[in-house]
Amino acid sequence: MSADTPLVFEAELRTGPEAGAWTVFDVPGSAAHFGTRRPVRVHGTLDEVPVQITLMPTGNGGHMGSVKAATRKALGKQAGDRVRVSIASAAP
């Protein structure tokens, strides 16, 4: 599968236990799909809200994407809610 092909899945938004932790979602199969375990710039949608983010390695072979407060507000969602993710590589 090509990194240009959108990766589509459902994910639960979550936050870490430490104060001020980011709200993130896990990206299943990301290392295989994007061909790297390094940070990956992607674009796409969370539900129908457009996003451009950098997926960060989790250290166990996967990635996670952060969700800014403005995006959560546009979605009307917070940690514990599910979103439909559609992302593709933003690399030229």
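Reply: Let's take strand 1, which is joined to strand 7 by six bridges, with the two running antiparallel. One of the residues to look for is glutamate 10, whose bridge partner in strand 7 is arginine 84. Before going on, please keep in mind that this is a predicted model: local features need pLDDT of at least 70, side-chain atom pairs count only at pLDDT 80 or more, and totals for chains, interfaces and linings use all residues. Residues are numbered from 1 along each chain as its sequence is written, and side-chain values use heavy atoms, leaving out hydrogens and water.

A word on the names: strands (E, at least two residues) and helices (H or I, at least four) are DSSP runs, numbered from the N terminus. The chain has seven strands and two helices, arranged from the N terminus on as β-β-β-α-β-β-β-α-β.

Where does strand 1 sit in the sheet? The seven strands form an open sheet in the order 1-7-4-5-6-3-2, with antiparallel pairing; two strands pair if DSSP finds at least two bridges between them. Strand 1 and strand 2 (14–15) are the edge strands, each pairing on one side only.

Now follow the side chains. In a regular strand they alternate between the two faces of the sheet. Buried means under 20% relative accessible area, exposed over 50%, and partly exposed in between, using a 1.4 Å probe and protein chains only. For the whole chain of 92 residues, 34% count as buried.

Phenylalanine 9 and phenylalanine 25 are both buried, and they form a tilted aromatic pair, 6.3 Å from centre to centre with 45 degrees between the planes. Rings of Phe, Tyr and Trp (its six-membered ring) pair if their centres lie within 6.5 Å; planes under 30 degrees apart count as stacked, over 60 as edge-to-face, and the rest as tilted. The structure holds one aromatic pair. Phenylalanine 9 belongs to strand 1 and phenylalanine 25 to strand 3, so the pair ties together parts that are 16 residues apart in sequence.

What do these rings belong to? Phe9 and Phe25, together with Leu55, Val85 and Ile87, touch the most other members of the largest nonpolar core, which has 19 residues. Strand 1 (7–12), strand 3 (23–27), strand 4 (40–46), strand 5 (49–57) and strand 7 (82–89) are the elements that give two or more residues to this core, and strand 5 gives the most, with four. A nonpolar core is a set of buried Ala, Val, Leu, Ile, Met, Phe, Trp, Tyr and Cys residues joined through side-chain atoms within 4.5 Å. In soluble globular proteins, nonpolar side chains tend to be buried together.

Beyond its neighbours within four places in sequence, leucine 55 is in contact (heavy atoms within 4.5 Å) with residues including Val27, Phe34, Val42, His63 and Ile87.
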